[in-house]
Amino acid sequence: MAARPGYLIKESISNLRRNVLMTVTAVLTITVSLSIVGSALLLRQGMNNYAVQFRNGVELNVYMVPEATDAQIASVRSDLDELKRTKQVKGYVFVDQVAALAEYREMFRNSPEQLDIATDPKDLPTSFRVVPGQAEKISLLGAKFRNREGVYDVSTDEDIKILLRIASRIQVVLLSVAIALLVAAVLLILNTIQLAIFSRRREVAVMKLVGGTNWFIRLPFMLEGLLQGLIGALIAFGAVYVGVDRLQASIRNSSTTLFKTLSVSSGQILSTGIFMLAVGALVGAVGSAIAVSRFLDV
């Protein structure tokens, strides 16, 4: 017995109407489960975006002594060129004494007593401002230039490095939570679908006794599960989208500037929504196929 597309659609919709209570239960289970999973995934994306801004802003400063020779400066420049070639450094800028004095005077333009400290370019050291290839390895990069001839000091953004380490750990925790929630959601959805089909086991048995093949019986249930999964995932995505939009609006209007860039892009929201729809449809169809298979041996 071959199942025609028209028959499958008609039978699936008819079954959904006849079993409204179990349909609503399955859809709500999928909605709640995927809402939690989607929220966890988007929160992780937001933390990753939050950390990226600091990774891009991390800078290593190599300060030369004021009397550093051209050979000593050239040596540091040569090493930085080699590190740039091997991708350990994204780029660097050399700040000479004239530029250093101009920056110093701009920085302390409202502090006359500080301006009197440095009045001549020779009072300030030259320096290299280095953007590391990986912000997390800025300390290892700085160690290459410490205690070498002509270098006065090496400054690294240790506070930012600590923040990146914390953000990285939070992302790992959120990813673990999302995976655990996804597994729990799949099991919960499968159990709900099995209960729904268990209530219709006699219907399956009758179809089997009158000559229905396994796939003829299984396909309408799979289509039902797929529709339930899609409906539940769509509702979940809508709820997550509204929640994320309101949360981001609250953050933007907040007086706290620390988390103003904790946000996700529309592309990330869309990709998460597609993932939720795929999971809902897949779990609904496969779960129904597994559940109905238990009652095919008559």
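Which residues is Leu80 in contact with, leaving aside its neighbours within four places in sequence? Tyr92, Phe128, Val130 and Phe145 are the answer. Contact means heavy atoms within 4.5 Å.

This is a predicted model, where local features need pLDDT of at least 70, side-chain atom pairs count only at pLDDT 80 or more, and totals for chains, interfaces and linings use all residues. Residues are numbered from 1 along each chain as its sequence is written, and side-chain values use heavy atoms, with hydrogens and water left out.

**Figure 1. The protein chain has 10 helices and 4 strands.** Helices (H or I, at least four residues) and strands (E, at least two) are DSSP runs, numbered from the N terminus. Along the sequence, the pattern reads α-α-β-α-β-α-α-β-α-β-α-α-α-α. The chain has 298 residues, and 39% of them count as buried. Buried means under 20% relative accessible area, exposed means over 50%, and partly exposed lies in between (1.4 Å probe, protein chains only). Take the contacts between residues at least 6 apart in sequence: 82% of them join residues at least 24 apart. The accessible surface comes to about 16700 Å², and 62% of that belongs to carbon and sulfur atoms. Accessible areas come from the Shrake-Rupley method with a 1.4 Å probe; for residues, only the protein chains shown count as cover.

**Figure 2. The largest nonpolar core has 18 residues.** Such a core is a set of buried Ala, Val, Leu, Ile, Met, Phe, Trp, Tyr and Cys residues joined through side-chain atoms within 4.5 Å. Val62, Met64, Val76, Leu80, Phe128 and Val130 touch the most other members. At least two residues each come from β1 (60-64), α3 (70-85), β2 (89-95), β3 (127-132), α6 (138-143) and β4 (151-155). Helix α3 gives the largest share, 4 residues. A second, separate core has 12 residues, among them Ala236, Val244, Ile269 and Met276. In soluble globular proteins, nonpolar side chains tend to be buried together.

**Figure 3. Ring pairs link Tyr92, Phe94 and Phe128 into a cluster.** The whole structure holds 3 aromatic pairs. Rings of Phe, Tyr and Trp (its six-membered ring) pair if their centres lie within 6.5 Å; planes under 30 degrees apart count as stacked, over 60 as edge-to-face and the rest as tilted. Phe94 and Phe128 form a tilted pair, because their ring centres are 4.9 Å apart and their planes are at 50°. This pair links distant parts of the chain: Phe94 sits in strand β2 and Phe128 in strand β3, 34 residues apart. Phe128 is buried, at 0% relative accessible area. Phe94 is partly exposed, at 27%.

**Figure 4. Leu175, Ile179, Val183 and Leu187 make a nonpolar surface patch of about 350 Å².** Patches are made of residues with over 30% relative accessible area and no salt bridge; like charges are joined within 9 Å, and nonpolar side chains (Val, Leu, Ile, Met, Phe, Trp, Tyr) within 5 Å. A salt bridge is a side-chain nitrogen of Lys or Arg within 4 Å of a carboxyl oxygen of Asp or Glu. Leu175 is found in helix α7 (residues 158-198). Its relative accessibility is 33%, so Leu175 counts as partly exposed.

**Figure 5. Lys87 has a positive phi, near 70°.** Most residues other than glycine have a negative phi. Lys87 lies in the loop between α3 and β2. Lys87 is exposed, at 68% relative accessible area.

**Figure 6. Asn147 also has a positive phi, about 60°, although it is not a glycine.** Asn147 lies in the loop between α6 and β4. Asn147 is exposed, with a relative accessible area of 83%.
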